[in-house]
Amino acid sequence: MKKILVVLMAMLTMAVMLTGCGDSKKAAYPADGDISVIIPKAPGGGTDVSARGLIQFMEKELKGSKFVPVNKPDGGGVTGMVETANAKADGHTLGMVTVELAMFPHQGKCKNTYKDYAAICAPIAAPAALIVPKEAPYNSLDEFVKFAKENPGKIQMGNSGVGAIWHIAALSFEEKFGVQFKHVPYPKGSADIAAALAGKHIDATLADPSVFKSQVDAGNLKILAVMADSRSAIYPNVPTFKELGHDMTVRAWAALVAPKNTPKEKLDVLRTAAKKVCESKEFKDYFMKQGIDPACIIGEDADKMMAEDHAMYEKFLKKAK
């Protein structure tokens with residue numbers, strides 16, 4: 001009996017020692033488990049491509065990590081963004097949020113706001129661009145504004161629907177320059193707007209210029225200026241509103257975020273990796289090949305961007321009703 005007890009004690013001691021050794025070798029974050037990334041859009045779109053590209057490069061940067069993309073496009077993106085906000089704040093569930101996050105609360109579609117997240121990185125912040133037909137009688141932003149002032153309500157401005165981002169861009173333009181447009185909605189999207197512009201059924205639009213690249217390259221359309229702090233990598237010869245003396249920005253962004261209260265040390269790991277990735281030539285080239293203007297807005301700067309846009313849309317969505 002004593003021998004049996006001795007053997008059992010020895011086995012128990014060995015088990016404890018092995019368990020202890022296992023704990024001591026446990027991988028550090030973010031290599032200590034899969035990281036789910038909730039994408040609130042369908043596969044193949046700009047948000048999905050941006051998210052997958054970003055986490056693909058982050059996975060290479062963070063040795064031993066594994067990022068798992070999960071598409072949850074229901075509710076126009078609401079479902080995925082709400083699920084991210086409600087996830088356990090342990091660094092193992094992240095999500096993409098889009099510019100609609102700044103709009104939905106003011107439209108009664110979602111209660112969540114930027115305050116429910118901690119931003120890691122915004123790899124995309126496509127600016128609104130003033131796009132007109134090639135034969136339009138204006139070749140600069142100032143000429144366009146002059147024409148609009150001389151012809152109030154005559155310029156037909158295409159948008160993606162009442163209250164949508166590019167409609168808000170046009171309302172912002174009207175307020176900034178003291179002009180008035182005839183707003184023409186194309187709810188099916190940018191392809192219809194591009195066709196209407198090329199066919200001269202409308203006079204202008206304010207929208208993401210990358211979507212119109214084929215028409216611009218073909219010489220059917222021209223871009224007068226972009227609403228951004230810096231020039232587009234895709235259209236480096238097009239001036240910004242800011243450099244022309246008009247400090248205004250309207251952008252369609254998507255940001256990788258964590259639920260609020262995620263530990264700072266984990267956020268720092270993710271933000272450091274994201275910054276290194278977004279500043280790399282390899283990452284920029286990848287985005288450019290997808291026709292996406294790459295951005296690099298990290299951490300608190302991305303939080304600030306989301307807060308600013310939340311306030312802007314609150315103001316202009318009241319006018320859009």
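## A salt-bridge network

R251, E308 and D309 are joined in a network of salt bridges, a salt bridge being a side-chain nitrogen of Lys or Arg within 4 Å of a carboxyl oxygen of Asp or Glu. In total, 16 salt bridges are found in a search of the whole structure. Side chains of opposite charge can pair when their charged atoms come close.

## Basis of the model

The model is predicted: local features need pLDDT of at least 70 and side-chain atom pairs count only at pLDDT 80 or more, whereas totals for chains, interfaces and linings use all residues. Residues are numbered from 1 along each chain as its sequence is written, and side-chain values use heavy atoms, with hydrogens and water left out.

## Overall architecture

The protein has 11 helices and 11 strands; these are DSSP runs numbered from the N terminus, with helices being H or I of at least four residues and strands being E of at least two. Along the principal axes, the C-alpha atoms fill a box of roughly 105 × 40 × 30 Å.

Of the 321 residues, 50% count as buried. Here buried denotes under 20% relative accessible area, exposed over 50%, and partly exposed in between, with a 1.4 Å probe and protein chains only. Among contacts (heavy atoms within 4.5 Å) between residues at least 6 apart in sequence, 76% join residues at least 24 apart.

## Individual salt bridges

K276 and E61 form a salt bridge through their side chains, at 3.4 Å from N to O. K276 belongs to helix α9 (residues 264-278) and E61 to helix α2, so this pair ties together parts that are 215 residues apart in sequence. K276 counts as exposed at 52% relative accessibility, while E61 is partly exposed at 30%.

A further salt bridge, at 3.9 Å from N to O, pairs the side chains of E135 and K200. This pair also links distant parts of the chain, 65 residues apart: E135 is in the loop between β5 (129-133) and α5 (141-150), and K200 in the loop between α7 (190-198) and β8 (204-207). K200 is exposed, with a relative accessible area of 54%. In the salt bridge between E279 and K275, the closest N and O atoms are 2.7 Å apart. E279 is partly exposed at 43%, and K275 is partly exposed at 38%.

## The largest pocket

The largest pocket holds about 860 Å³ of space. Of its 40 lining residues, T47, E100, W166, D208 and A252 are the closest to its centre. At least two lining residues each come from α2 (46-61), α4 (104-107), β4 (117-127), α6 (165-177) and β10 (251-259). The lining comprises 21 nonpolar, 14 polar and 5 charged residues; Ala, Val, Leu, Ile, Met, Phe, Trp, Tyr, Cys and Pro count as nonpolar, Asp, Glu, Lys and Arg as charged, and the others, Gly among them, as polar.

Pockets are defined on a 1 Å grid over the protein atoms alone, as open sets of points where a 1.4 Å probe fits, with protein on both sides within 12 Å along at least five of seven lines; lining residues have an atom within 4 Å of a point. Grid points are joined across faces, edges and corners, and a volume is the space filled by probe spheres set on the points.

## The second largest pocket

The volume of the second largest pocket is about 690 Å³. It is lined by 28 residues, of which A125, A228, D229, S230 and I297 are the closest to its centre. β4, β11 (294-298) and α11 (300-320) each contribute at least two residues to the lining, and α11 gives the largest share, 6 residues. By class, this lining has 13 nonpolar, 3 polar and 12 charged residues.

N112 is found in the loop between α4 and β4 and is buried, with a relative accessible area of 13%. Its side chain makes a polar contact of 3.1 Å with that of D116; a polar contact is a pair of N or O atoms within 3.5 Å, where within protein one must be able to donate a hydrogen and the other to accept it, and residues adjacent in sequence count only if both atoms are side-chain atoms. Not counting residues up to four places away in sequence, N112 touches V82, A85, L101, P105 and Y117.

E282 is placed in helix α10 (residues 281-289). With residues up to four places away in sequence left out, E282 touches F57 and K60. E282 and F57 are 225 residues apart in sequence, and their C-alpha atoms are 9.0 Å apart in space.
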